[in-house]
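This report describes one protein model for a reader who has the sequence and coordinates at hand. Please inspect the structure shown below before reading on.

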Amino acid sequence: MSWIGGKKALRDEIIARFPLDYSRYIEVFGGGGWVLFHKAPERDFEVYNDFNPNLANLYRCVRDHPDELCDELRYMLNSRLDFDYVREMMHSKTDIPDIKRAAYFYQLIRYSYASGLDSFGAQPHSMWNNFPLIHNACERLQKVVIENKDFEKLIKQYDRPQSFFYCDPPYYNTEDYYEDVGFTRKDHERLANALCSIQGKFLLSYNDCPEIRELYSRPGIIIEGTTRLSNIAQRYEAGKQYAELLISNYDTTAKIKSHRQLSLFDLYDESQQILKERKIIWTSEANSHLTSPKP
Ligand SMILES: C[S@@+](CC[C@H](N)C(=O)[O-])C[C@H]1O[C@@H](n2cnc3c(N)ncnc32)[C@H](O)[C@@H]1O
């Protein structure tokens with residue numbers, strides 16, 4: 001489902017950079033789950049996490065009660081009046097049972113403008129068309145652990161040498177786009193400190209800005225620049241690109257190189273092209289004059 005900051009446009013590039021071997025996959029800022037749902041369900045142990053309690057509850061209900069959730073959604077109306085009522089209920093202190101709360105939240109995502117949860121989208125949309133998606137998601141999530149923790153606690157809890165964390169935090173300067181969780185400027189630093197001291201591997205996606213480049217220009221870290229089509233800007237400027245950073249503490253070319261060795265001509269050319277087009281902004285080797293201690 002669409003979600004603010006969702007990685008639909010970047011998911012292939014992200015998965016192409018996953019490490020070759022890991023036995024725990026942890027998606028720290030799960031949101032709409034675009035990467036988790038696109039990734040093959042291998043035999044690894046998988047965790048979906050988001051600090052937004054409504055998202056974690058929605059995914060738990062999709063996994064454990066898909067039929068009851070569809071029943072709750074069956075007669076929801078695509079109407080402004082209904083939308084405003086549900087939004088008010090979700091903001092009130094009323095105690096709403098989990099499945100009903102999941103249905104309300106799903107309704108807000110599906111019927112709001114640009115999935116911002118706030119204002120009615122006034123777009124044609126059949127709720128019933130979502131039922132097969134809910135059942136597919138239920139199957140995919142069967143063995144996925146769903147958590148609702150702040151990133152720092154989660155990272156500490158699941159960190160092992162064989163863990164791989166994919167992190168897609170609120171972007172710098174867009175912290176207040178996510179209404180049920182408060183992310184602050186300080187949290188970007190807290191995240192960098194947590195990630196730069198783990199035993200496992202991490203891959204992090206961010207908007208390209210000087211503050212984040214500076215924060216991660218540290219020994220052992222690789223910063224790569226990439227671009228993607230900007231979903232929102234497509235509405236008024238077709239083809240508009242958005243600059244992103246992919247930051248890691250391991251060599252992200254290993255998977256592409258291993259495909260290259262296994263493949264014949266077509267894929268070989270494609271992977272060669274991907275490797276050639278890589279735009280490395282920072283590695284401690286290339287910038288060792290900046291990171292090595294002064295004599
Ligand atoms: C950019 S979105 C993730 C989008 C997701 N990768 C996707 O493709 O849909 C960032 C997410 O971080 C979550 N978040 C904000 N603060 C958090 C925190 N302290 N710990 C964990 N998750 C948090 C937000 O609720 C939001 O869903």
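What percentage of the contacts in the protein with a separation of 6 or more is accounted for by residues 24 or more positions apart? The answer is 69%, where two residues are in contact if their C-beta atoms, placed from the backbone, lie within 7 Å.

## Basis and overall make-up

This is a predicted model, in which local features need pLDDT of at least 70 and side-chain atom pairs count only at pLDDT 80 or more, whereas totals for chains, interfaces and linings use all residues. Residues are numbered from 1 along each chain as its sequence is written.

The protein has a mean pLDDT of 89, and 88% of its residues reach 70 or more; pLDDT is the predictor's confidence in each residue, from 0 to 100. In residues 289-295 the pLDDT is below 50, and this stretch has two contacts in the model beyond near neighbours in sequence.

The protein contains 13 helices and eight strands. These elements are DSSP runs numbered from the N terminus, helices being H or I with at least four residues and strands E with at least two. Of the 295 residues in the protein, 30% are buried. A residue is buried if 20 or more other C-beta atoms lie within 10 Å of its own, exposed if 12 or fewer, and partly exposed in between, with C-beta atoms placed from the backbone.

## Ligand surroundings

The ligand is surrounded by 21 residues, and the closest are Gly5, Phe29, Gly31, Gly32 and Trp34. A residue is near a molecule or strand if its C-beta atom, placed from the backbone, lies within 6 Å of it. The shell around the ligand comprises 11 nonpolar, six polar and four charged residues. In this classification Ala, Val, Leu, Ile, Met, Phe, Trp, Tyr, Cys and Pro count as nonpolar, Asp, Glu, Lys and Arg as charged, and the others, Gly among them, as polar.

## Packing of helix 8 and helix 9

Helix 8 (residues 151-158) packs with helix 9 (residues 185-195) at an angle of about 5 degrees, and their axes are 10 Å apart. Axes are lines fitted to C-alpha atoms, for helices over the stretch in contact, and angles run from 0 to 180 degrees between N-to-C directions. The two helices, helix 8 and helix 9, are therefore roughly parallel to each other. Angles under 35 degrees count as roughly parallel, over 145 as roughly antiparallel, 65 to 115 as roughly perpendicular and the rest as oblique.

From helix 8, Phe151, Glu152 and Ile155 meet Arg190, Leu191 and Ala194 of helix 9. The contact of helix 8 with helix 9 has four nonpolar, no polar and two charged residues.

## Residue pairs separated in sequence

| Pair | Separation in sequence | C-alpha to C-alpha distance |
|---|---|---|
| Val62 and Gln142 | 80 residues | 9.6 Å |
| Thr252 and Glu224 | 28 residues | 9.7 Å |
| Ser112 and Phe83 | 29 residues | 8.1 Å |
| Val47 and Leu154 | 107 residues | 9.8 Å |

Val62 belongs to helix 3 (residues 53-64) and counts as buried, with 23 C-beta neighbours inside 10 Å. Not counting residues up to four places away in sequence, Val62 touches Leu69, Ile134, Ala137, Cys138 and Leu141.

Val47 is placed in strand 2 (residues 45-49) and counts as buried, with 22 C-beta neighbours inside 10 Å. Apart from residues up to four places away in sequence, Val47 touches Ile26, Glu27, Val144, Val145, Glu147 and Tyr158.

Thr252 lies in the loop between strand 7 (241-248) and helix 11 (254-262). Thr252 counts as buried, with 22 C-beta neighbours inside 10 Å, and touches Arg17, Leu203 and Ile222, not counting residues up to four places away in sequence.

## Loop residues

Ser112 is located in the loop between helix 6 and helix 7 and is partly exposed, with 18 other C-beta atoms within 10 Å. Leaving aside neighbours within four places in sequence, Ser112 is in contact with Leu117, Asp118, Ser119, Phe120 and Gly121.

Ala114 is placed in the loop between helix 6 (98-111) and helix 7 (131-141). Although not a glycine, Ala114 has a positive phi of about 50 degrees. Ala114 is partly exposed, with 13 other C-beta atoms within 10 Å.

Asn173, in the loop between strand 4 (163-167) and helix 9, has a phi near 75 degrees, a positive value in a residue other than glycine. With 11 C-beta neighbours inside 10 Å, Asn173 counts as exposed.
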